[in-house]
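Dear colleague,

Please find the structure below, with the sequence alongside. My notes on what was found in it follow, and I would be glad if you read them with the model open.

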Amino acid sequence: MHFLRRLLYMMLVIVGVSMLMFVLVRVIPGDPIAKALGQGADAASIKKMRDQMGLDQPIYIQYFRYIEGITRGQLGMSLVEYRDTAEIIKDKFPATLELILASMTLAVILAIPLGVVSALKRNSLTDHFNTLISLIGVSFPQFWSGLMVQLFFGYILAFLPITGRISGPPPMAITQFFLIDSLLTLNFPAFWDALVHLAAPAFVLSLAPLANITRLIRANMIDEMSKDYINVSKATGMPQAVISFKYMLRNAFSPAMTMIGFMIPLQMGTAFVVEQVFAWPGIARFGAEAITTNDFNGAVGVTLVISVAVVVTNFIVDELYGVLDPRIKLRR
Amino acid sequence: MKRQFIWMTVLSLMIGWALGGSLQVAYAQQKPIQIRLGNAMAVPGLDPKDQTNASALNVANNLYDTLIYPDPEKKYVPWIAESWKVSPDGLKYTFRLKKGILFHDGTEITAEDVVFSMDRITTMGGNIATNFKTIKPGSTRARDKYTVEFNLPDKYPAFMASLFLFKITNKKLVLKNKQPGPYGENGDYGQKFLQTNEAGSGPFALIEHKHGDYLKGKRFEKYSLTKRQPNSVDEMIYYFIPEMVTMATRLQKGELDLTDTTIGPSIIREMKKNPNLVVEEHIWPATWMAVINNKKPPLDDPYVRRAINYAFNKEVGYKQILAGGRPLQGPLPEMLRECKDTYVYPYDLEKAKAMLKQSKYSADQLKEFKMEFAAVATSERFKQIGLLFCSNMKDIGLNVQMRAVRWDDICQAAQKPETAFHFALNANTAKIPHSVAFLVWFTPEGHGVGYPMGGIYYSNPKVNELIRQGNEAMDPGKQSDYYCQAQKMITDDAPVAFGFENIAQYPYWRYVKGFKFPTGAQYFEHRFDRYTMDVNDPMFRKNQGW
């Protein structure tokens, strides 16, 4: 029952967002058809293309046709790539998702020990150093960080590739995630190739969430340190590492998980800078171009993808809360 | 015995090392010669009717071929067509095709393919079709297996030059892969198929295209229109890299052999210090101008427009904002200029003020007008030139504010004189290398087109008549004379603020041979069947892993 109710809310959010975006891209000024046809396009050519795309119909008819297209797995022709938006998303979305998941994984793996150590050694040199790292992460623009990483690791040291997702042949497509596909097919050269290509952009994209998650874990750990059960645990002779990582971190991590869940879909919006700098063939870059060129179908398609990602990750995060804190499950 | 054993071992090792080394050299020599080009813009799709940007045009020139080929001296030379004739009334163009020219699937190009290709473009519409809008679907005919006839309802002097954009497509292959669609027995006319596949006859055949990532092509071994030279390119790879600093880093690292012209002048300046790189600089056949809306006061007064031209400091524009260039002489780029002695408005504030005094508007009236200069928001160069322009206008008391807007907004606004911006910056390129492609914007035919130049709304009956006479003239000398007179009159009326032609910079590694500019038409400078590599250059071996 709980699951069905959540599913209904998710559907309502997705439909609402798609409707809003559908209308917005059509009412804001700008004629993408004229641009798509290029200089010299006369009124007759523009009208022909508008008719072919159904843009001469009333907006509610266009929307119903759009929904009808979705049932057939089509999201309308993109004026950026002249093919169906659903195909574009199918091609590019796995690249962006792989990048975001890699960056968030890296951020969490680094943030946990940094946050815990900062809390345990509060106001020490280690704490101040970690704070500095966090500040750098949120202050420096991704654009600049990306170019510096390319210059240093890609050009001067020359041990990371500068752009792209893979140099050699990609692994056989199963999930479209190169790391997973290469492991599933035991293609270790492709795995290594994909991993080294992913390293730099994932690192750059992880800097901002790393900073935020570190600060949050640190603050929550400090809160936990003042609680009675910690004093009791210490009094019973429990090792500090066990107290910190098994008990304190579990409680301190819950708010961080909310933030992580919120960040994943947000990263889809901000990833376009990293995708631009590293020429990563993802959906975020396509989405940014769709919006600036007023590509109706592209913009709505990408928005749909992001809204689905938001509702799904929120759902997963909510369910994970129940795992971390059984009291939440009981209350439901 | 022991000594013998040691000598045998050393000798064996030496022989083995020598053999291994020679095997490596032999293997290295068998590797294909690649050319790796960095491009800022991704190719939206492979359909030859939708060549919407520089990358798409570039790629199409390698995958497909045309009836004629551009030549900087002769304008065009036979290519797939071996000869042609034009009817005295200029309405019928008959081409005789060469025999034995093959598509990539091994089938021969015939007149039917040419007819199909033109019918496809004119029926479906699209970007390239706007250049052939006078041709009706079904009017192109195959007279026999190798003779094709184009029938134009009206004279179109730029028809031959337009053919550089007309790519011949394999009819059988396209129809074999057609999907259901709105074009009767032709289905979707192969639209879905051609988005991700090619049906051409060019020097390179497509291997793979990953949208927004890369495109790979390999040499078509049966290509016969150019002679294969030693060490010519076997494989071409386009890498789509939107960020110019990233592209420059890859070039300098040796991961690219050459790039397009998007790398900025400050980075090029550093590259020039690298002895392994060559940077060629050429005047790009584009006209940078500030489009003026001739309908909106006070810009409806030619004296005000002349004043604007005198006040615009073009030299700062092309020397300090762009990589270099020269001032524009009238509405045509140098390569198409019909007369070489066209007036250039010098930067002269006193003359500008004197012009304003002659206008129908008083100084107080001129101060009251609040005008807008539209520059594309995503281009730093456009915005900087816009700021320069606005600052220059302030010097003569004109109130112009810059607005950074989207390209679409400028195009849409241009469609009506009431909505067209007072000024809009545009760099008009010579995709079709013919004067009429530029002059059309200064006639009523160009009014209201969804493109910045459509917002000029200038009309001078004498200019219209001269251009019409030029279009009608079959003799090239007479045509040039009419266009020259029109060019001078337009310059005098100053319907736009004439800016400059800029320098395009082409960086490449020293082992790349065969770059040629001008080629006679744009985007043919990266036709890779004319390129060779110096395979003995150590940098080539290092960069390509030989």
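**The core and what surrounds it**

In the largest nonpolar core, which has 217 residues, the members that touch the most others are A:Leu99, B:Ala290, B:Val291, B:Phe423 and B:Ile456. Helix α9 (residues 188–225) of chain A supplies the largest share of this core, with 16 residues. A nonpolar core here is a set of buried Ala, Val, Leu, Ile, Met, Phe, Trp, Tyr and Cys residues joined through C-beta atoms within 7 Å, and a residue is buried if 20 or more other C-beta atoms lie within 10 Å of its own, exposed if 12 or fewer, and partly exposed in between, with C-beta atoms placed from the backbone. Helices (H or I, at least four residues) and strands (E, at least two) are DSSP runs, numbered from the N terminus.

Please bear in mind that this is a predicted model, in which local features need pLDDT of at least 70 and side-chain atom pairs count only at pLDDT 80 or more, while totals for chains, interfaces and linings use all residues. Residues are numbered from 1 along each chain as its sequence is written, and chains are lettered from A and ligands numbered from 1 in the order in which they are written.

Setting aside neighbours within four places in sequence, B:Phe423 has contacts that include B:Ala290, B:Val291, B:Met371 and B:Val400; two residues are in contact if their C-beta atoms, placed from the backbone, lie within 7 Å.

**Where the chains meet**

Chain A brings 41 residues to its contact with chain B, and chain B brings 39. On the side of chain B, the elements that give two or more residues are α7 (244–253) and α14 (407–413) of chain B, and α7(B) gives the most, with six residues. That side of chain B has eleven nonpolar, 16 polar and twelve charged residues, where Ala, Val, Leu, Ile, Met, Phe, Trp, Tyr, Cys and Pro count as nonpolar, Asp, Glu, Lys and Arg as charged, and the others, Gly among them, as polar.

**Chain A**

Chain A has 14 helices and zero strands, and 42% of its 332 residues count as buried. Its C-alpha atoms fill a box of roughly 85 × 55 × 40 Å along the principal axes. In helix α10 (residues 228–235) of chain A, by contrast, the count of buried residues among its eight residues is zero, and just after α10(A) comes A:Gly237, with a positive phi of about 85°.

**A run of strands in chain B**

Strands β8 (residues 204–210) and β9 (residues 214–219) of chain B run antiparallel and are joined by six bridges; two strands pair if DSSP finds at least two bridges between them. They form a hairpin with three residues between them, and B:Gly212 in the turn has a positive phi of about 75°. B:Leu215 of β9(B) is the bridge partner of B:His209, and B:Leu215 also has B:Tyr238 as its bridge partner in β10(B). β9(B) pairs with strand β10 (residues 235–240) of chain B in the antiparallel sense over five bridges.

**Confidence**

The model scores ipTM 0.85 and pTM 0.88. The mean pLDDT (the predictor's confidence in each residue, from 0 to 100) is 85 for chain A and 92 for chain B. Over residues 19–28 of chain B, however, the pLDDT is below 50, and this stretch has one contact beyond near neighbours in sequence. In chain A, confidence is lowest in helix α14 (residues 326–331), at a mean of 58.

With best wishes
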